[in-house]
Amino acid sequence: MSSPQAEVGNLSLSTERRGSVMIIWIDVPGASVNTLSPALVTEFESVFKEIEQDRELRGAVIASGKQDGFIAGADVEQFATFRSAGDAAHVSAVGQELLNRLEALPVPVVAAIHGACLGGGLEVAVACRYRICTSDAKTILALPEVQLGVIPGMGGTQRLPRLIGLQGALDMILAARNIRPARAIKMGLVDEVVHPSILLDVAVDRAAGLAEGRIKRVRRRRSVADLLLAGTPFGRSVVFSKAHKSVVEKTQGHYPAPLAALEAIRAGYDRGFKSGLNAEARLFGELATSEVSRQLVYLFFARNATRKDPGVVGDAPTPRPVTKLGVIGAGFMGAGIASVAVQAGTLVRLRDTELSRVAAGLRAIRDVFMERFVKKQITRLQLDDMMVLVGATTDYSGFGTAEVVIEAVFEDLDLKHRVLREAEPMLDPGAVYASNTSTIPIGKIAEAAAHPGRVVGMHFFSPVHKMPLLEVVVTPKTDAQATVTAVAYGKDLGKTVIVVNDGPGFYTTRILSVYMNEAGRLLDQGASIDAVDAALVDFGFPVGPITLLDEVGIDIGGHVGRVLGEAFGGRMAPADSLRRVVEAGRKGRKGKSGFYRYDHHGEKGAVDESIYPVIGRSQRRDIPSEEIVERCVLAMVNEAAMCLEEGILRSARDGDIGAVFGIGFPPFRGGPFRYIDTVGADVVVKRLEDLHARFPARFAVTPMLVEHARARKRFHSGR
Ligand code: NAD
């Protein structure tokens, strides 16, 4: 949609009359999306005043002048301006006041929603009398505030439960759940879903119709469970305590926002709307100025910055649009890559050595789509349409027209050379050839290429359709065109992309490897498996390193360990216990035999005690959890700094993004470099030196860290 009026000066709001209905257009000048700022609040106040004084007016519509978005939320830049919790609480109270006024306007207001309607944007919509959204795939409604470490602060915690019921609201607010149109109408979040071409006309008609009494809002039918649980004080306390328990389990106590949201919602139920709003503003203020939110907001901006980064420094050539992708190897990763490519609308040719393997790949791709179909995110027709985009082959037919080819065959340099030699003559001369290797330097792979300038690494993470990161690896020979095309295509696939320079294990595999290996060393010394895992989960990793090894595959972990051990020697020499478990043939979860027990569905159970004799240390000894954390985390952090120093990483920002989105470094700590800044480089150096004295060869402090400690320098300036 676009507003018919030229913007007046720097204003974001403009109004238009359609008969007795006013359309309020939001179009923040110079921005790609609309966000709510104090300036916009002031503009809204004056439009509301106009509505309150206009006796002719029968209704109003709020619509966006942006092509594909309603309101994307509050302007996050504001967070940096909050001086105190009280300050932030005041901003929240002003927003609440505005929406109270919107709700109380003498005429019905209809929200006409197309595209992203997030955070404060959804709070605006929920304060309207009636909501219509488009059926378009771009239309998403959500309250994602907890992802920034805060809660909705403009009455969302109070109005949403009243609109859609307690259960639905908890689900949306605590889990930041994205709601698409079909679900939105079902749960009563919107009143109508229409095609984008008629959104505005329908909205104007409904505004007039509501005023005339011709249209009535259909009240959502509440389910029996909802009535029994949310409808009585006893039932509600059951719901709240269950939600509390599940939040604590999920967040391990590291993220205060979901619990604060529960508190605000509960205050509204127990003490009424006004008290609920007060609790909301107070809690918003406390959270918005908290350390956790500071780190999450940093990651939000850092991630946004990577979206604008073309991947090369200086003048960037225009990336080549990718309409067709060739994938070599239809295994676990190849199928995963094909599945995300197809979902982005790319035509895919999938090659493996035998038809049976390609067929298994196609099944794996279908499974990814089935999961979305079962969750009602796509229709059966869309599923079938997507499958049509994948063509399977055992030769290179169809590869000649692909703009990008990604190789995902076994992790074996000779094989990768053979495949590259075989494939290259079949490809378009301008095509990018990418390897999905997780350890082998791309430069080594490119030695087999006639045109090494077109060879890059595109390191995806498993499972590809869920993991957000893509690490693009470039060699000194990679040309800028290949880099920008790989980066732009990664973004098309919905990935957060970092570009790193070549080296064994690049960045992510390298820092993960020292961390996991140190966990292995702890086992060498008699630490128990569950103690190591528990300590690092407590630090904030989603799973502990030993569980992760079982998940990734002990054989794969062993292979990576060997390759990096050979490349870096001493500090990366594989831990004895890990080596022994690899040699014993245990493969982890996929083989249902690892450090933990697995049932026949592959569900993880307790530690498999029979592994201790394999490790060769049946005598356990307690190692304090602080030492476990310190050794594993500082090994990782020191290695990350080394990667920056060696130029593997281009920036500390990329290092933080790679660690958080690629290997699960705790987001509330902001990433390894933010962690160093928060703890202080001097403290990190001192601890590393102590470890170095105890364990020579593993913890030698990298000079860059020493220099940061000496000069009291930080990796990041700003908040
Ligand atoms: P996989 O064993 O599941 O699949 C490899 C596939 O390559 C098999 O289907 C095999 O038949 C096929 N293949 C072998 N030779 C071929 C040839 N000449 N032409 C076409 N296909 C051929 O392995 P995977 O886990 O998908 O790993 C593939 C690559 O991705 C490896 O380089 C690995 O290091 C990397 N990687 C794996 C993960 C992971 O978690 N599994 C993560 C990141 C990167």
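A salt bridge is a side-chain nitrogen of Lys or Arg within 4 Å of a carboxyl oxygen of Asp or Glu. The model in your viewer is predicted, and by that rule the count comes to 45 salt bridges. Side chains of opposite charge can pair when their charged atoms come close. Let's go and look at some.

**Stop 1: inside a helix**

Select helix 12, residues 291-308. Show the side chains of Glu291 and Arg294: they meet in a salt bridge, 2.9 Å from N to O. The two residues sit three apart, about one turn of the helix. Glu291, at 37%, counts as partly exposed.

**Stop 2: a link across the chain**

Now pick Asp309 and Arg650. They form a salt bridge, with the closest N and O atoms 2.9 Å apart. This pair links distant parts of the chain, 341 residues apart. Asp309 is in the loop between helix 12 and strand 10, while Arg650 is in the loop between helix 25 (625-645) and helix 26 (652-663). Color by accessibility if you can: Asp309 is buried, with a relative accessible area of 18%, whereas Arg650 is partly exposed at 30%.

**Stop 3: a buried pair**

Next, select Arg698 and Glu518, whose side chains meet in a salt bridge of 2.8 Å, N to O. Arg698 lies in the loop between helix 28 (681-694) and helix 29 (703-710), and Glu518 lies in helix 19 (508-524), so the pair ties together parts that are 180 residues apart in sequence. Arg698 is buried, with 15% relative accessible area, and Glu518 counts as buried at 3%.

**Stop 4**

**Stop 5**

Time to switch to cartoon view. Select strand 10 (324-328) and strand 11 (347-351). These two run parallel and are joined by five bridges. Click on Val327, and you'll find its bridge partner, Leu350, in strand 11. Then trace the chain: from strand 10 the path goes through helix 13 (332-343) to strand 11, making a right-handed β-α-β crossover.

Notes
Residues are numbered from 1 along each chain as its sequence is written. This is a predicted model: local features need pLDDT of at least 70, side-chain atom pairs count only at pLDDT 80 or more; totals for chains, interfaces and linings use all residues. Side-chain values use heavy atoms; hydrogens and water are left out. Helices (H or I, at least four residues) and strands (E, at least two) are DSSP runs, numbered from the N terminus. Buried means under 20% relative accessible area, exposed over 50%, partly exposed in between (1.4 Å probe, protein chains only). Two strands pair if DSSP finds at least two bridges between them. A crossover is right-handed if, with the strands pointing away from the viewer, the path from the first strand over the helix to the second runs clockwise.
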